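Take a walk through a two-chain model, one element at a time. Keep the sequence and the coordinates side by side as you read.

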Amino acid sequence: MAETSPQSITQLLIAWSDGDQAALDQLIPHVYQELRQQAEFYLRQERPGHLLQPTALVNEAYLRLIDCDHIQWQNRAQFFAVAAQLMRRILVDFARARDYAKRGGGLRQVSLTEATIAPREKNTDLVALDDALNTLAELDSRQSRVVELRFFGGLKLEEIAEVLKVSVGTVRRDWSLAQAWLYNELK
Amino acid sequence: MTPERYQQIGALYHKALKRSPDERAAYLAEACAGDEELRRQVEALLVAHEQARGFLVGPDLSLLNPAPDDRKPIATAGQRFGQFEVVSLLGAGGMGEVYLARDTRLARPVALKLLPAAYTRDADRVRRFKQEARAASATNHPNILTIFDIGEVPLGEGVTHYIAAEYIDGQTLRGRLLQAPMPPREALDVAGQAAAALAAAHEAGIVHRDLKPENVMIRRDGYVKVLDFGLAKLRSGRVGDGETAGPGEGETRVAFSPALPLSHSPTLPLSTPGMVMGTFAYMSPEQARGEEVDGRSDVFSLGAVLYEMIAGRVPFDGKSPADVIAAVLSHEVRPLTDVPAELERIVRKALSKDREQRYQTAKDLLIELKNLKLELEIAARLKPAAQGEAKVERKPEAETRTWSVDQIPDVAPVSALLATPPSNSPALREMLEPVGGAVPLDSGFYILRPTDEKFRQAIARQDSIVLVKGARQVGKTSLLARGLQQAREAGAQVVLTDFQSLSAEYLESIGQLLLTLANAFADQLDLDVTPDEVWKPNRGPGVNFEQYLRREALLKLSAPIVWGLDEIDRLFTCDFGGEVFGLFRSWHNKRALDPAGQWRRLTLAIAYATEAHLFITDLNQSPFNVGTRLQLEDFTFEQVAELNERYGAPLKDKAEIARYYRLLSGHPYLVRRGLHEMVTNNLGLTELEAGAVSEEGPFGDHLRRLLISLNKDAELCDVVRAVLQGKPCPAPESFYRLRSAGLAIGESTRDIRPRCQLYATYLERHLL
């Protein structure tokens, strides 16, 4: 993958916002790379009790990749929408990888009914959340997307409304119901 | 839960939230109008709403850090879970453990997955899990991991849930790829079987979403099993035809695959140790973009897997995951070298970036894979003869095999599909049975096909209705007979009705017919009460029959009952046929509504000829839309070769088999008939070919009957003429009619062609 300047990545983002699908395809690997490096960096710190929010990662990636002076906030929302999706995948992959490492040893590893019967841990188990979001997507795909954008991408309700082309009221209602439903699924 | 239900719950949730907390209970009681479950669900959400403030505002990534693993194995060798006895631990994963166990009842090995009590306190989750495991098992396909049983046993302070699944003795495709390069034909075979699994899953509304060499297993006998529908999505409402359709929401996790660390893979030089990155290489562009996936995404993944099997490397590669994603999204796939052009075309089509350009269904891909595999096989067999290489001499009788299936290079073992052949003795000719009608149960000339296994499974599962259909003389009755025999051996009570043998008077009215059928039950099951004693004239015949069956057979016998109905197409032309089929359907529905009821113990195994479709002009009238359907297929090239061996190899070499196969395709009856003729009259292939279409020849009766039924419909004759002249079939309807009648094959009105060369020659002679 060629090195790309903030200007050209910004151009890709704008081109995509204007409807150029190929621009998105070029953009995704860059955003992914950036997010993953950041995530890995933070996770290597291994400072106990260190609190890291994915939204912070996405923000950092945005600042590093995008030339913020030449872009409108709608484009920003679109960037975050893509980033949220990638962030989710990265974090869930990390969580699964940790799980594999944890269960190493001489045994042949067998992935099991992982999230269908999820353990109840105090913190939100990312794998379980990922699965619950998939389940929610089957019931109401927009609600699942709202949570993804807010939780993994850190988008504000207004930005989510812009990305999903619905009213802020709708996003608020979606969030309320999805949050309650997921709480029951994961508690 | 269905999306509709979720919307309904959501609407009430929002309305209730608008009211003050003390008004909510009364509001919901009224709005839910007696639907207690609905009220309970909405209230649970309202409670959650109060507690969930701040929930999901941001996770603490420190929870990704590894925790000390202090888990002890759940079970020890010898421990029993239901009928399953633990043998050894196969592996452990995040949420449970998988053991090799023994099914004490059926004495077979199973993979037993145990879910610790700690994870199963949530009744709702467990319930959904079970429903989904059931739904997954409803896909019932020989290439998909079979779930045998689910259950629970008290253990320690809680309850341990278990799932028993088929134990697969073999290796993953990844393991196979690490050993040696794969020849194209083996790759096609594996890909074809995987495509068949996907097609079945898609039909049941399940998208795999994570197909890769790690979760394709190759059993020792060559059977391919796709497992780990680990990310699989189950779309609501489309699973099965009724009884097995659970609520259908959410995730289906049927993950039994050994998770191989990807660092072991030479084809994926992805640096980060321990990271799970493999799926990116098989992920479709739409998945990479986070868009909705459908069956076509699985087609892409299978294309990537096929590419790797052939090329020994993944189609999209890169130094980092980001590079792999970039390649998936926008790079052209690297060209394949030294492979047939057709194979490259198939792979490229499957790997199209735009899903509209791909095969639209796994089934389409499957068909092309199958055709290509066949072409390659025939080409490979024709080659030596064409080059004049080593002409195979007919060997002495003690060693009649001119070639054995195992000796053909590059072909996946097919021996698994074939029953043990009789030893080729000099007395072979004397023991030859006449060809025609059902193949006797003890015959050495019965060729097992995948449908045999499916039929056996359906009977073992006690499905409500099992349909065996196919063109005339394709082997339906033989299959039915074997299935019933196995049911008998397994302790079921079996009743057989052959509709062809019913004399016309019994088919005059529905009352007459049902009474006859009830008498058959009384006779064959030796029931104490005869229908005459309880048949009431003031009740409809349907009610009489149903009550008789329930009270006198199902309630009084403890064993399951399997009712075989052969040649039921005879009912298609009766006025009351629809009523009878309606009755069968209603039993099917009763089972779905009352799973614990008596109807659960009744299985209808129905065989009918699709040839009847020649006369059903409206194809929507097809009498069955419920049950497990088994379409009997023609013999494959290998199966024809195997049958030839069993007949003492009258076809002398590969080239002859190929010629014979072209003449008859795999038409089960014709193939047997021809071999029988050659052996009994000591004919060579050339002589057989010469007399093949003559009225006096071995196929004369068959061909004549074909022509007679065709001549009843002038319009259809015109269509056949067009097809013979290589024109497309004018209407889809006639295409389907010709195909279900076994007259023509092909996948569309354009590519329709006569089923075999014999048909083409004969029909040309009589129709053109």
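Start in chain B, at Asn682(B), which lies in the loop between helix H21 (668–680) and helix H22 (685–690). Helices here are DSSP runs of H or I with at least four residues, strands are runs of E with at least two, and both are numbered from the N terminus. Asn682(B) is not a glycine, yet its phi is positive, about 55°. Most residues other than glycine have a negative phi. Asn682(B) has 10 other C-beta atoms within 10 Å, so it is exposed. The burial scale counts other C-beta atoms, placed from the backbone, within 10 Å of a residue's own: 20 or more is buried, 12 or fewer is exposed, and in between is partly exposed.

A word on conventions. This is a predicted model, in which local features need pLDDT of at least 70 and side-chain atom pairs count only at pLDDT 80 or more, while totals for chains, interfaces and linings use all residues. Residues are numbered from 1 along each chain as its sequence is written, and chains are lettered from A and ligands numbered from 1 in the order in which they are written.

Now the whole of chain B. Chain B holds 26 helices and 18 strands. It has 768 residues, of which 46% count as buried. Take its contacts with a separation of 6 or more: residues 24 or more positions apart account for 69% of them. A contact means two C-beta atoms, placed from the backbone, within 7 Å.

Move to a helix pair in chain B. The axes of helix H6 (residues 184–203) and helix H8 (residues 295–311) come within 10 Å and cross at roughly 165°. That makes H6(B) roughly antiparallel to H8(B). From H6(B), the contact uses Pro184(B), Ala187(B), Val190(B), Ala191(B), Ala194(B), Ala195(B), Leu198(B) and His202(B); from H8(B), it uses Gly295(B), Asp298(B), Leu302(B), Val305(B), Leu306(B), Met309(B) and Ile310(B). Axes are lines fitted to C-alpha atoms, for helices over the stretch in contact, and angles run from 0 to 180 degrees between N-to-C directions. Under 35 degrees counts as roughly parallel, over 145 as roughly antiparallel, 65 to 115 as roughly perpendicular, and the rest as oblique. The crossing of H6(B) and H8(B) is right-handed. A crossing is right-handed if the near helix is turned clockwise from the far one by less than a right angle, left-handed if anticlockwise.

Next, Ala322(B). Its place is in helix H9 (residues 321–330) of chain B. Ala322(B) counts as buried because it has 22 C-beta neighbours inside 10 Å. Phe280(B) is 42 residues away along the chain, with 9.1 Å between the two C-alpha atoms.

Further on comes helix H15 (residues 510–525) of chain B. This helix has 16 residues and reaches 22 Å from first C-alpha to last, close to the 22 Å expected at 1.5 Å a residue. The expected span is 1.5 Å times one less than the number of residues. Which residues of H15(B) are buried? They are Ile510(B), Leu513(B), Leu514(B), Leu517(B), Ala518(B), Phe521(B) and Ala522(B). Their cover includes strand E13 (493–498), helix H16 (531–534), helix H17 (541–554) and helix H18 (577–593) of chain B. After H15(B) comes Asp526(B), with a positive phi near 55°.

Turn to chain A. Chain A has eight helices and zero strands. Of its 187 residues, 55% count as buried. Its average pLDDT, the predictor's confidence in each residue from 0 to 100, is 73, and 70% of the residues score at least 70. Over residues 46–51 of chain A, pLDDT stays under 50, and the model has seven contacts there beyond four places in sequence. Residues 103–124 of chain A also stay under 50, with 82 such contacts.

How many residues of H5(A) are buried? The count is 12 of the 14, so H5(A) is largely enclosed by the rest of the structure. Its axis comes within 10 Å of that of H8(A), crossing at roughly 130°. The two helices are therefore oblique to each other. Ala128(A), Leu129(A), Ala132(A) and Leu136(A) of H5(A) meet Ala178(A), Trp181(A), Leu182(A), Glu185(A) and Leu186(A) of H8(A).

End at Lys165(A), in the loop between helix H7 (157–164) and helix H8 (168–186) of chain A. Its phi is positive, near 55°. Lys165(A) counts as exposed, with 7 C-beta neighbours inside 10 Å.
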